[in-house]
Amino acid sequence: MISALHPGYSPPNRADIAGPLLDEVHDTIKKTVAEKLLGKCVTLSVDCWTNVSNESILGFCAQEGEKTYLVSIEDVSDHSHTSEYLSEVVLKGIEKCSTEFNFIVTGLVTDNAENMNKTRRLVKEKLPDMIVYGCAAHQLNLLVKYLQPDLIVRKIVTVAKFYRNNQSKTESIT
């Protein structure tokens, strides 16, 4: 079909796309991100997840202002995710990202899993001037699970029904 639309055009093959073309795009994007973050103060967000091959990877995202940039991914699938190991990877990641992108890491945020809580404490011991904290969204999620929203909603509905069904009492309040 491509040859009918553009005779003589030869599209890149799978190997070219996965090899030199991908490398070229990666280098271009990395250079652009480095230019945007040059000398800036950033907060690194660190999170662990599993890729499509079921390998554990630790991602580092630099947050500057309202923008977030993925700046590094580390394969951690060959190790147990102890806080001691993760703190070493995080400290090396901070150094690597700071060097490659020439930005200043002033803060670190992670999720609130128990191993990451201790990882943050270990990083704070090594970098006492850094602002280190757990993800507020993750903390809120844990809090909501703890508060049992179904129970709260049922109580709110009960109160709302009471006032709806007892308008004379409602009028005396207002």
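User: How are helices and strands defined here?
Analyst: They are DSSP runs: helices are H or I with at least four residues, strands are E with at least two, and both are numbered from the N terminus.

User: What order do the elements run in?
Analyst: From the N terminus, the protein chain goes α-α-β-β-β-α-β-α-β-α-α-α. That comes to 7 helices and 5 strands.

User: What kind of model is this, and how are residues numbered?
Analyst: This is a predicted model, where local features need pLDDT of at least 70, side-chain atom pairs count only at pLDDT 80 or more, and totals for chains, interfaces and linings use all residues. Residues are numbered from 1 along each chain as its sequence is written, and side-chain values use heavy atoms, with hydrogens and water left out.

User: What is the radius of gyration?
Analyst: The protein chain has 25 Å, while a compact globule of 174 residues would have a value near 16 Å. The radius is taken over C-alpha atoms, and the globule rule is 2.2 Å times the number of residues to the power 0.38.

User: And what box do the C-alpha atoms fill?
Analyst: Roughly 85 × 60 × 35 Å, taken along the principal axes.

User: How many of the residues count as buried?
Analyst: 26% of the 174 residues. Buried means under 20% relative accessible area, exposed means over 50%, and partly exposed is in between (1.4 Å probe, protein chains only).

User: What share of contacts is between residues 24 or more positions apart?
Analyst: They account for 53% of the contacts in the protein chain with a separation of 6 or more. A contact here means heavy atoms within 4.5 Å.

User: Switching to charge. How many positive and negative side chains are there?
Analyst: The protein chain has 19 positive and 22 negative ones. Lys and Arg count as positive, Asp and Glu as negative, and His and the chain ends are not counted. The centres of the two sets lie 11 Å apart.

User: How many salt bridges does the count come to?
Analyst: The count is 3. The rule asks for a side-chain nitrogen of Lys or Arg within 4 Å of a carboxyl oxygen of Asp or Glu.

User: Which side chain does Lys30 meet?
Analyst: Lys30 meets Glu100 in a salt bridge, at 2.9 Å from N to O. Lys30 lies in helix α2 (residues 14-37) and Glu100 in helix α3 (residues 83-101), so the pair ties together parts that are 70 residues apart in sequence.

User: What about Lys31? Buried or exposed?
Analyst: Lys31 counts as exposed, at 54% relative accessibility. Lys31 lies in helix α2. Its C-alpha atom is separated by 8.5 Å from that of Phe101, 70 residues apart along the chain.

User: Which residue does Glu74 pair with?
Analyst: Glu74 forms a salt bridge with Lys96, at 3.0 Å from N to O. Glu74 is in strand β3 (residues 67-75) and Lys96 in helix α3, 22 residues apart. Glu74 is partly exposed at 24%, as is Lys96 at 34%.

User: And what does Glu84 form a salt bridge with?
Analyst: With Lys118, the closest N and O atoms being 2.9 Å apart. This pair links distant parts of the chain: Glu84 sits in helix α3 and Lys118 in helix α4 (residues 114-126), 34 residues apart. Glu84 counts as partly exposed at 39% relative accessibility, and Lys118 also counts as partly exposed, at 34%.

Terms used
Charge placed at Lys NZ, Arg CZ, Asp CG, Glu CD.
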